[in-house]
Amino acid sequence: MTKKIFIAGLGLIGGSLALAVKAGHPKAEIIGFDLNEKAMKLASSLQIIDHAADSLAGAEEADFIIIAAPVESSLTVMDELAGLSLKEGAVITDVGSTKQSVVEKACVFAGSGAIFIGGHPMAGSHKSGVEASRERLFENAFYVLTPGPDVTDSMLIKLQNLLRGTKAKFLRLEAADHDRYAGLISHLPHIIASALVHEVEEAGKEEPLVQQLAAGGFRDITRIASASPTMWRDILVHNKETLLPMLESWKNRLHGIEQLLREDDSEGIYAFFERAKSSRDKLPSRQKGAMLPFYDLFVDIPDHPGVISDVTGLLAVQNISITNIRIIEAREGIMGVLRLSFRSESDLIYAKQVLEEHMYETYEAP
Ligand SMILES: NC(=O)c1ccc[n+]([C@@H]2O[C@H](COP(=O)([O-])OP(=O)(O)OC[C@H]3O[C@@H](n4cnc5c(N)ncnc54)[C@H](O)[C@@H]3O)[C@@H](O)[C@H]2O)c1
Ligand SMILES: O=C(O)C(=O)C[C@]1(C(=O)O)C=C[C@@H](O)C=C1
């Protein structure tokens, strides 16, 4: 029998999940709903969903319901769904970046015959909207599930089976643990990246050249600041208790480096960077998601015209897609470095082989 999947919220994550679910279950019928009509029309015309629903009531016929809106709106959607006659045994999940308040809200489904399992696919992008959706967005990423005590193993397996097309790695966590971990490796960095952009913007008012000079390092560390302010407002509001002590600890860390500098403690400054480098270098480099969203390959390129089109052309002939490309260093007369990002490890390995066969020197991220 054809399973019906209802997705509320057709943005980057709702759209990407729709594509991944379809890849894993080509016969599934995907029904989409979004408050924003433009998003719904786009999802239909891009064939990301099979049908658009007029309202959340479309969820009444669904076997699975995926809520993919910003966290605050997801809570509203949960309240509204609880007022409908959902199918007996329907599995409801969300994708919110915080889990505690969502899991607490799940009590609205008590006695409804439907079951709620919190979820968070830990991969994404600074882009938002259905047009940025990608079937393979979650490949190899961690997909956290936070089932409550009423969720049986077979219900959990049912949901994991629905989501198998994501090719993600499922990880079961308590909601509070999830929020602490995500606070540290995702939410705090997001605040810092955005604050850094403010810092440079302020300075740029006096010295406009500053922003124009903003290059590699600044762009790398602040890419995420281009993400949706609505989504991030909700994340901060719903992870406030975790984030406040983290911000305090962060201020102390900045104070620590400030002291080292004041005291001209060059050994201490070296140790500060040495410890960071050694820890950063040990991060799993092939792991997608919270830590490293891309498979990166670095290519040494000589400084002569046409070299970039040669590299991209060699890969295009072999049908290898590049998801991102950046010239990291290119000065007249010296070798440059090209950073190529791929969707998957297999693409990266194949690209490396192709380029090395054509005498390019390549190396992977440490
Ligand atoms: N962007 C990421 O990197 C990422 C990664 C993992 C999880 N998440 C989580 O996924 C959720 C969605 O994020 P996104 O990046 O897809 O955002 P998005 O802005 O691309 O899409 C959100 C969509 O939800 C719709 N929406 C809002 N309120 C709604 C409602 N009441 N009913 C129906 N639709 C509604 C919006 O119109 C929009 O189209 C958020 O909770 C976010 O925390 C995001
Ligand atoms: O890669 C990015 O652009 C992201 O910010 C993705 C990211 C993250 O912090 O890793 C952002 C929030 C989501 O909850 C999950 C993933």
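Modeller: Begin with pairing: two strands pair if DSSP finds at least two bridges between them. Strands (E, at least two residues) and helices (H or I, at least four) are DSSP runs, numbered from the N terminus. This is a predicted model, in which local features need pLDDT of at least 70 and side-chain atom pairs count only at pLDDT 80 or more, while totals for chains, interfaces and linings use all residues. Residues are numbered from 1 along each chain as its sequence is written, and chains are lettered from A and ligands numbered from 1 in the order in which they are written.

Colleague: Which residue of β4 is the bridge partner of A8?

Modeller: Strands of a sheet pair through backbone hydrogen bonds, either parallel or antiparallel. Here the partner of A8 is I67 in β4. Strands β1 and β4 (residues 64-67) are parallel, with four bridges between them.

Colleague: How many bridges join β1 to β2?

Modeller: Five, and β1 and β2 (residues 29-33) also run parallel.

Colleague: What is the order of strands in the open sheet?

Modeller: The eight strands run β3-β2-β1-β4-β5-β6-β7-β8, with mixed pairing. β3 (51-52) and β8 (169-172) are at the edges with a single partner strand each, so one side of each has no neighbour in the sheet.

Colleague: Which residues of β1 point one way, and which the other?

Modeller: In a regular strand the side chains alternate between the two faces of the sheet. From β1, K4, F6 and A8 point one way, I5 and I7 the other, and all are buried (20 or more other C-beta atoms, placed from the backbone, within 10 Å of the residue's own). Because five of its five residues are buried, β1 (residues 4-8) is largely enclosed by the rest of the structure.

Colleague: How many residues has the largest nonpolar core?

Modeller: It has 62, and I5, I7 and L17 are among those with the most contacts inside it. Such a core is a set of buried Ala, Val, Leu, Ile, Met, Phe, Trp, Tyr and Cys residues joined through C-beta atoms within 7 Å. Helix α1 gives the most to this core, with seven residues.

Technical notes: Buried ≥ 20, exposed ≤ 12 C-beta atoms within 10 Å, placed from the backbone.
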